[in-house]
Amino acid sequence: MIIWNLTPHPVTLFDAQGKEVLRQIDARGQRVYLKEMPRKVGEYLADIPLVGPPDYQEVRGLPPVPPDGDIPALIVSRMVAPFVADLWPGRVLVPDTSRESVVRDGRGRVIGVSRLEDWSL
């Protein structure tokens, strides 16, 4: 199976114990993101301007489906996944950063995961 990583960073997959690297999937150099239109509210909180939540308009950067019929699985961010899952004919995957899956180094930084979430199910 072909997997395209459309996030801006490599995804490192560990074994279930978080000890051994099983695979690293490098970023493809193309990322999928959402076009957002912030809505200005015009209020202030302690002199800090406030805006409403962004209104996501469309998916940007989604590659075309390869014409040869071998549809790759895509790794995308969790924010983008529900939008891409409706558009992509193959699997849409997200690094599972839950406590059960995330792998951290000695300083607490995320260095990988042991599972991927499948948003195409």
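Arginine 109 is partly exposed at 46% relative accessibility, where partly exposed denotes the range between buried (under 20% relative accessible area) and exposed (over 50%), computed with a 1.4 Å probe on protein chains only. The model is predicted, so that local features need pLDDT of at least 70 and side-chain atom pairs count only at pLDDT 80 or more, whereas totals for chains, interfaces and linings use all residues. Residues are numbered from 1 along each chain as its sequence is written, and side-chain values use heavy atoms, with hydrogens and water left out.

The structure holds 5 salt bridges, each defined as a side-chain nitrogen of Lys or Arg within 4 Å of a carboxyl oxygen of Asp or Glu. In one of them, arginine 109 meets aspartate 105 (2.9 Å, N to O); aspartate 105 is partly exposed, at 22% relative accessibility. Another joins aspartate 96 to arginine 115, with the closest N and O atoms 2.8 Å apart. Because aspartate 96 lies in the loop between β7 and β8 (102-104) and arginine 115 in the loop between β9 (110-113) and β10, this pair ties together parts 19 residues apart in sequence. Aspartate 96 is buried, at 7% relative accessible area, while arginine 115 is partly exposed, at 39%.

An open sheet is formed by 4 strands in the order β1-β6-β7-β10, with mixed pairing. Strands are DSSP runs (E, at least two residues), numbered from the N terminus, and two strands pair if DSSP finds at least two bridges between them. The edge strands, β1 (3-5) and β10 (116-118), each pair on one side only. Strand β1 runs parallel to β6 (residues 73-75), to which 3 bridges join it; asparagine 5 stands opposite isoleucine 75 in β6.
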